[in-house]
Amino acid sequence: MPAPPPAILRVALPVPLPREFDYLPPPGATVAPEWLGCRVRVPFGRGGADLVGLVVGVGEAEGDPAALKAAHERLDEVPLLHGELFDSLRWVAGYYHAPLGEVIATALPALLRAGQPLPDTRRHGWAATPAGQASATQPGREGRPRRLLLSLCEGARDEDELDASEPGWRAAARALAARGLAQRQAMDAEASPRPASAPVPTPGQAAAIEALRTGDGFRPTLLEGVTGSGKTEVYLQAIADCLAAGRQALVLVPEIGLTPQTLARFRARLGVPVAAFHSGLADGERARAWADMASGRARVLVGTRSAVFCPLPEAGLLVVDEEHDGSYKQQDGVRYHARDLALVRGSKLGVPVLLGSATPSLESLHNALSGRYRHLRLTERAGGARPPAVRVLDVRKRPLHDGLSEALLEAVDACLARGEQALVFKNRRGYAPVLICHDCGWSAHCSRCDAAMTVHAGGRRLICHHCGARATPPNACPDCASLALQPQGAGTERLEQALAARFPEACLVRVDRETTRRRDALEKLLARLGDGPGILVGTQILAKGHDLPRLTLVAVVGVDEGLFSADFRAGEKLAQLLIQVAGRAGRARLPGEVVLQTHHPDHPLLGTLLNGGYPAVAALQLAEREAAAFPPYAHLALLRAEAGTEAEVQGFLKEAHAAFEAREGVRANGPMPAPMARRAGKARGQLLVDASLRVALHAALREWLPALRALRSARRVRWSLDVDPTDLY
Ligand SMILES: Nc1ncnc2c1ncn2[C@@H]1O[C@H](COP(=O)(O)OP(=O)(O)OP(=O)(O)O)[C@@H](O)[C@H]1O
Ligand SMILES: [Zn+2]
């Protein structure tokens with residue numbers, strides 16, 4: 001009798017190959033089903049570099065086991081990924097046609113991906129040592145460490161609570177520990193703080209909360225509520241119900257919506273540990289939040305896109321706030337959509353999924369209107385606030401001062417005179433979008449991109465917003481030697497300057513990517529504005545999630561760029577942006593006003609928006625999409641390629657098209673140049689696959705991908721496949 005073949009481990013590794021890899025167990029170890037879902041460290045490739053992978057199967061070797069390498073070590077005692085979460089990751093790999101190992105690497109926090117142990121999730125806190133108690137009675141140098149020491153002398157404090165209330169406390173605690181004045185210690189589980197009380201719900205909120213209480217199991221709901229209607233209150237009640245049933249909740253928020261205020265509001269109201277998960281956290285904190293959800297210590301997780309991968313062993317509810325937001329779609333690597341994945345997880349977990357927005361995506365709206373999702377509406381603002389009055393300013397043939405019309409400036413003036421705050425919105429940072437020669441028409445272009453360079457620093461610098469290239473503006477026009485070089489148009493920097501000159505007394509705060517690089521910068525800027533009269537000037541960072549009670553005027557400077565874009569989603573995105581930014585006005589007692597400055601007052605999109613609001617725009621756009629067979633009435637996948645030369649891109653895309661097997665209801669269109677055909681020195685092109693049925697699309701892609709990988713021309717380009725692309729570039 002031949003000896004039974006040795007059992008092997010089937011490991012998913014973070015490499016761009018659509019397969020798993022077989023390994024022998026580490027010397028001396030025996031394979032057992034308990035290995036499934038555990039991480040292992042294995043040698044990989046000829047160099048034998050170590051990789052961390054996940055055991056996704058155990059079994060018998062298919063080839064000669066003697067040819068297999070042995071894994072170095074098993075990293076987990078108990079499986080890290082299993083059950084529903086692992087099934088959902090398999091779904092991601094299948095749906096987005098990405099290697100499982102890369103999906104797993106995308107899903108895990110960086111420390112876990114690197115093979116670090118799961119962090120200790122017992123509660124820890126800090127206490128003053130006897131030396132610290134003694135030192136506190138002596139005079140000492142003022143500063144953060146001393147302030148922390150004095151507070152610890154009154155009693156040990158929990159790390160979560162310090163995280164929430166004392167920014168920068170960790171460095172101070174380390175400094176104290178180094179001097180023997182404070183120490184870290186395990187804390188007893190303490191009673192949760194008593195939750196703050198909820199406002200009396202409006203009739204609309206009450207109806208939504210009641211509706212959400214009926215029925216359990218998987219059920220998607222779209223909560224469509226106008227800006228300021230109190231959707232967050234509805235989430236909080238639904239989460240409270242979920243917690244009362246002893247279950248965990250996941251809340252996804254857009255990248256720019258996760259402010260310390262949002263977290264503080266959840267923490268104050270729910271009275272249970274609320275974990276946060278976003279890119280501003282240190283690796284250790286993210287791993288801890290993940291582990292806290294896995295162990296069940298954290299009952300609620302509030303996080304941005306990648307929080308959708310957190311473990312939910314006791315799931316009860318998934319919430320996606322501002323579900324239309326573009327930041328839910330990952331734009332490189334594994335291009336998943338967090339809202340869609342939340343729905344998949346909800347269905348596998350058998351729990352309700354609540355999508356909320358004032359401006360739902362056409363995909364979700366279509367699902368709600370066709371009855372696939374329950375559709376709840378909040379049509380009135382909460383707390384007695386009224387919807388803002390909207391006025392269109394036709395600026396054709398009117399003089400503009402640095403992009404601002406006199407009528408707009410007068411509205412700002414009147415607002416300041418009333419002691420209130422104005423928001424001047426322009427979705428364009430920098431001083432001016434382009435530098436042109438007034439004599440010959442030359443304009444400053446990026447040498448590596450098909451794009452104009454943006455003027456910054458009052459005209460002293462040129463920056464390409466696509467590749468980051470920087471240049472000093474020429475003194476004279478390179479084409480005609482004229483000295484008449486002029487910044488054309490206005491970005492937030494120029495608007496800030498112009499407003500400062502016009503309103504020298506006013507408190508003026510600019511909010512865009514430049515002024516908010518640091519994580520707490522936005523809070524500091526808003527604090528500077530305070531409650532007095534003032535002006536906020538900024539980009540879409542200001543469009544979401546902010547609740548400024550004294551803000552009564554929203555002045556939109558130029559929406560015209562958005563009115564004529566070729567992207568089929570442009571109308572939807574513009575309407576969403578306008579409604580969201582307008583929604584910042586008059587959210588409390590004071591009535592709000594919105595002025596829209598445009599050269600195209602008769603544009604149908606603006607007319608529809610003014611007369612019928614977002615529902616009217618959405619209905620119109622849905623009809624157009626249906627007629628043109630675009631999503632949500634069709635399903636798309638985009639093959640993108642870039643390379644050093646256009647010939648390489650074209651060569652690959654042509655072969656890719658030839659390798660595409662035509663089938664009923666599925667078409668490959670192209671090759672076509674990308675909307676920006678050259679970027680950062682690379683030529684770019686694409687092929688668009690469309691299908692009337694999702695299953696047909698995926699069947700075609702499954703067949704196509706191995707053929708693509710086998711193409712010789714594929715080695716000379718960087719290519720990627722984007723399923724359900726949100727941007728066609
Ligand atoms: N029932 C209520 N009574 C009084 N005030 C309320 C009530 N519900 C909500 N509010 C207040 O109304 C304001 C808007 O609420 P919230 O932020 O939840 O709205 P939203 O629908 O999420 O808005 P947006 O989509 O514009 O961000 C907040 O200041 C909130 O405290
Ligand atoms: Zn560039």
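# A guided tour of the predicted model

Of the 729 residues of the protein chain, 43% count as buried. Buried means that 20 or more other C-beta atoms lie within 10 Å of the residue's own; exposed means 12 or fewer, partly exposed is in between, and C-beta atoms are placed from the backbone. This is a predicted model: local features need pLDDT of at least 70, side-chain atom pairs count only at pLDDT 80 or more, and totals for chains, interfaces and linings use all residues. Residues are numbered from 1 along each chain as its sequence is written, while chains are lettered from A and ligands numbered from 1 in the order in which they are written.

**Whole chain.** Start zoomed out. The protein chain has 21 helices and 32 strands. These are DSSP runs numbered from the N terminus: helices are H or I with at least four residues, strands are E with at least two. The radius of gyration is 28 Å, close to the 27 Å of the globule rule for 729 residues, so the protein chain is as compact as a globular protein of that length. That radius is taken over C-alpha atoms, and the rule is 2.2 Å times the number of residues to the power 0.38. Along its principal axes the C-alpha trace spans about 95 × 80 × 60 Å.

**First sheet.** Select β1 to β5. They form an open sheet of 5 strands in the order β2-β1-β4-β3-β5, with antiparallel pairing. β2 (21-23) and β5 (73-74) stand at the edges with a single partner strand each, so one side of each has no neighbour in the sheet. Pairing requires at least two DSSP bridges between two strands. Now pick β1 (residues 7-12) and β4 (residues 49-60): 6 bridges join these antiparallel strands. Click L9; its bridge partner in β4 is V58.

Move on to β6, β7 and β8. Here 3 strands make an open, antiparallel sheet ordered β7-β6-β8. The edge strands, β7 (157-158) and β8 (182-186), each pair on one side only. Between β6 (residues 124-128) and β7 there are 2 bridges. G125 has D158 as its bridge partner in β7.

Select residues 212-378. An unreviewed UniProt entry annotates them as "domain: Helicase ATP-binding". UniProt positions follow the numbering used here, feature names are shortened, and annotations may be inferred rather than shown by experiment. This stretch is 36% helix and 22% strand, with its end C-alpha atoms 14 Å apart.

**Ligand 1.** Show the 20 residues around ligand 1; T227, G230, T232, A382 and G383 come nearest. Near means that the C-beta atom, placed from the backbone, lies within 6 Å. Helix α9 (residues 231-244) gives the largest share of the shell, 3 residues. The shell holds 5 nonpolar, 11 polar and 4 charged residues. Ala, Val, Leu, Ile, Met, Phe, Trp, Tyr, Cys and Pro count as nonpolar, Asp, Glu, Lys and Arg as charged, and the others, Gly among them, as polar. Domain 3 (203-383) and domain 4 (387-431 + 490-625) both give residues to the shell, so ligand 1 lies between them. The bounds come from an automatic or database domain assignment.

Select C437, C440, C477 and C480, listed by UniProt (unreviewed entry) as "binding site". They span 44 residues in sequence, yet no two of their C-alpha atoms are more than 8.6 Å apart, so they gather at one spot. C477 sits in the loop between β23 (470-471) and β24 (485-488).

Next, take C446, C449, C464 and C467, also annotated "binding site" in UniProt (unreviewed entry). Spread over 22 residues of sequence, they cluster in space, with a largest C-alpha distance of 8.7 Å. C449 is in the loop between β20 (434-437) and β21 (454-456). With 21 C-beta neighbours inside 10 Å, C449 counts as buried.
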